[in-house]
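Keep the structure open beside you, and try each task before you look at its solution.

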Amino acid sequence: MKPLLRKEILRLVVWMLLGSLLGYLVDRPILGAAAALLIVLGQHLWQLQRLVSWLQQPNKVPPEAARLWGEVFDGIYHYQRRQKADQQHLAGLLSRIQDSSQALRDGVVMIDHKGDLEWWNHAAERLLGLSSSTDRGQPLTYLLRHPQFVDYYDRQDYLEPLVLPSPVEEEHLLEYQITLFGKNERLLLVRDCTKMQHLERMRQDFIANVSHELRTPLTVLSGYLETFSDHAEQLPAQWQRGLVLMTQQSARMEHLVADLLTLSRLEANDFKVETTPINVAELLAAIRLDALALSGQQYQLLIDADPQLYLRGSANELRSAFSNLVFNAVKYTPQGSTIELRWYQDENGAYLEVDDNGQGIDGKHLAHLTQRFYRVDNSRSSQTGGTGLGLAIVKHILRHHQGRLEISSVVGQGSRFTCCFPLSQTLLDSAA
Ligand code: ADP
């Protein structure tokens, strides 16, 4: 038992003894003890009343009291002071964080779990045209209504940022990046990327122009090489090997220029979303025939595709993306192997898988495969006639269709390339 409590009990006992002694003098010891008890109780009630009235005025110093009540008042007072100091510290911290966020050149917007605007900095006001007096508590997608933004916001897959024209100045481009935190709350970061995009556009235009300009001389060269090849037997023997090499290399360059032009076209169409329903099962059947023809029927190509499941998008682009994956499987798998193509959906999305049991790819390369010109083994890839642009093209096309590419592979066992699409991008036969 605590010493203070023991003292208090002792005091009560002394009071009761005194009370019963005084009562004994008038022949009423029990009444005397009860009167003493009442006095002690009255003292406690009075202190309790002082405590209540002090707590109702939190900024006042605590009342003076001795013993147990003195301890209670002091304890509460110290606790209050500690709480106040902590509160002040937290408020200071919060205001410093707010000040630093206000000073940021990038926009920061906090969105609550209901999707309503909670707080934003000056940059967000400037970039998005938000007004603190009218917009607080409004749903974010009510103020940023671009369909692509609404789609990005709803998808909850925020790995990649989204670039869109500014809602305030059409000629400016903004990059949006959302981060989830707390209980389904979101932090939206907004950056003016007009300059970066301008440079990027210059780079794209440059590549597109160079590729375009290279096409005509290449066609002339290939034309003449073809004519020479038709009359190869008339050429001296030492020139014939040169002719074969020149023909191979000019075909490779044509392939490269075609891929560069495809990439440029895809990049130029970054904001365009096509929504035509595509029958993927039929598309895969056509790609299978092309792959068999290309490989001289040397592979087993199996298809397991849901014929009811359609994908919204561009038939040409999707054909190009899926063909790239299937032709790669053929290129990097020994003849006679089996390649499986699957198209299905589950509750999270729709998937197109290309599975091969070929040479496989070391894990360290996987993250880089979709970079332009990245190749695992340059010597082998040039033998196969690859350009190193195929998977970059696939990545771009999937991005146009709100999808992404996942690659898993085990060296010596094979690879799986999966195109993942959100369910919003699919529809079932009857709807199509
Ligand atoms: P490439 O034109 O060289 O095939 P891609 O961009 O299509 O270029 O592929 C990049 C690299 O990824 C290839 O050079 C190859 O090394 C590797 N790769 C792609 N698909 C496969 C596969 N199915 N199996 C093994 N390696 C692959």
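**Exercise 1. Is Arg67 buried, partly exposed or exposed, and in which helix is it found?**

Solution. 
- Step 1: Arg67 has a relative accessibility of 43%.
- Step 2: Buried means under 20% and exposed means over 50%, with partly exposed in between.
- Step 3: Arg67 therefore counts as partly exposed.
- Step 4: Now find the residue in helix α3, which covers residues 67-103.
- Step 5: Look at the backbone too: phi of Arg67 is near 50°, a positive value in a residue other than glycine.

Remember as you work that this is a predicted model.

**Exercise 2. Where is Phe373 placed, and what is its phi near?**

Solution. 
- Step 1: Follow the chain to the loop between α12 (363-366) and α13 (378-383); Phe373 has its place there.
- Step 2: Phi of Phe373 is near 65°, which is again a positive value in a residue other than glycine.
- Step 3: With a relative accessibility of 46%, Phe373 counts as partly exposed.

**Exercise 3. Into which domains is the chain divided, and how many Å separate the centres of domain 1 and domain 2?**

Solution. 
- Step 1: Taken over C-alpha atoms, the centres of domain 1 and domain 2 are 55 Å apart.

**Exercise 4. Which residues touch the most other members of the largest nonpolar core?**

Solution. 
- Step 1: This core has 42 residues, and Phe322, Trp343, Leu405 and Phe421 touch the most other members.
- Step 2: Helix α11 provides the largest share of the core, 7 residues.
- Step 3: Domain 3 and domain 4 each give the core at least three residues.
- Step 4: A second, separate core holds 21 residues, including Val109, Tyr152, Tyr158 and Leu188.
- Step 5: For background, nonpolar side chains tend to be buried together in soluble globular proteins.

**Exercise 5. Is Tyr152 buried or exposed?**

Solution. 
- Step 1: Locate Tyr152 in helix α7, residues 147-155.
- Step 2: Its relative accessible area is 2%, so Tyr152 is buried.

**Exercise 6. How many residues surround the ligand, and which are the closest?**

Solution. 
- Step 1: The ligand is surrounded by 19 residues, and the closest are Asn328, Tyr332, Asp356, Thr387 and Leu391.
- Step 2: Asn328 places a polar side-chain atom 2.8 Å from an oxygen atom of the ligand.
- Step 3: Thr387 has a backbone N or O atom 2.8 Å from a ligand oxygen atom, and a backbone N or O atom of Leu391 also lies 2.8 Å from an oxygen atom of the ligand.
- Step 4: The ligand taken alone exposes 530 Å², of which the protein buries 98%.
- Step 5: Sort the shell by type: 9 residues are nonpolar, 7 polar and 3 charged.
- Step 6: α11 (315-331), α14 (390-400) and β12 (414-421) each supply at least two shell residues, and α11 gives the most, with 3.

**Exercise 7. Which side chain does a polar contact join to that of Ser415?**

Solution. 
- Step 1: Find Ser415 in strand β12.
- Step 2: Ser415 counts as buried because its relative accessibility is 6%.
- Step 3: A polar contact of 2.9 Å joins its side chain to that of Ser409.

How values were computed
Residues are numbered from 1 along each chain as its sequence is written. This is a predicted model: local features need pLDDT of at least 70, side-chain atom pairs count only at pLDDT 80 or more; totals for chains, interfaces and linings use all residues. Side-chain values use heavy atoms; hydrogens and water are left out. A residue is near a molecule or strand if one of its heavy atoms lies within 4 Å of it. A polar contact is a pair of N or O atoms within 3.5 Å; within protein, one must be able to donate a hydrogen and the other to accept it, and residues adjacent in sequence count only if both atoms are side-chain atoms. Accessible areas come from the Shrake-Rupley method with a 1.4 Å probe; for residues, only the protein chains shown count as cover. Helices (H or I, at least four residues) and strands (E, at least two) are DSSP runs, numbered from the N terminus. Ala, Val, Leu, Ile, Met, Phe, Trp, Tyr, Cys and Pro count as nonpolar, Asp, Glu, Lys and Arg as charged, and the others, Gly among them, as polar. A nonpolar core is a set of buried Ala, Val, Leu, Ile, Met, Phe, Trp, Tyr and Cys residues joined through side-chain atoms within 4.5 Å. Buried means under 20% relative accessible area, exposed over 50%, partly exposed in between (1.4 Å probe, protein chains only). Domain bounds come from an automatic or database domain assignment.
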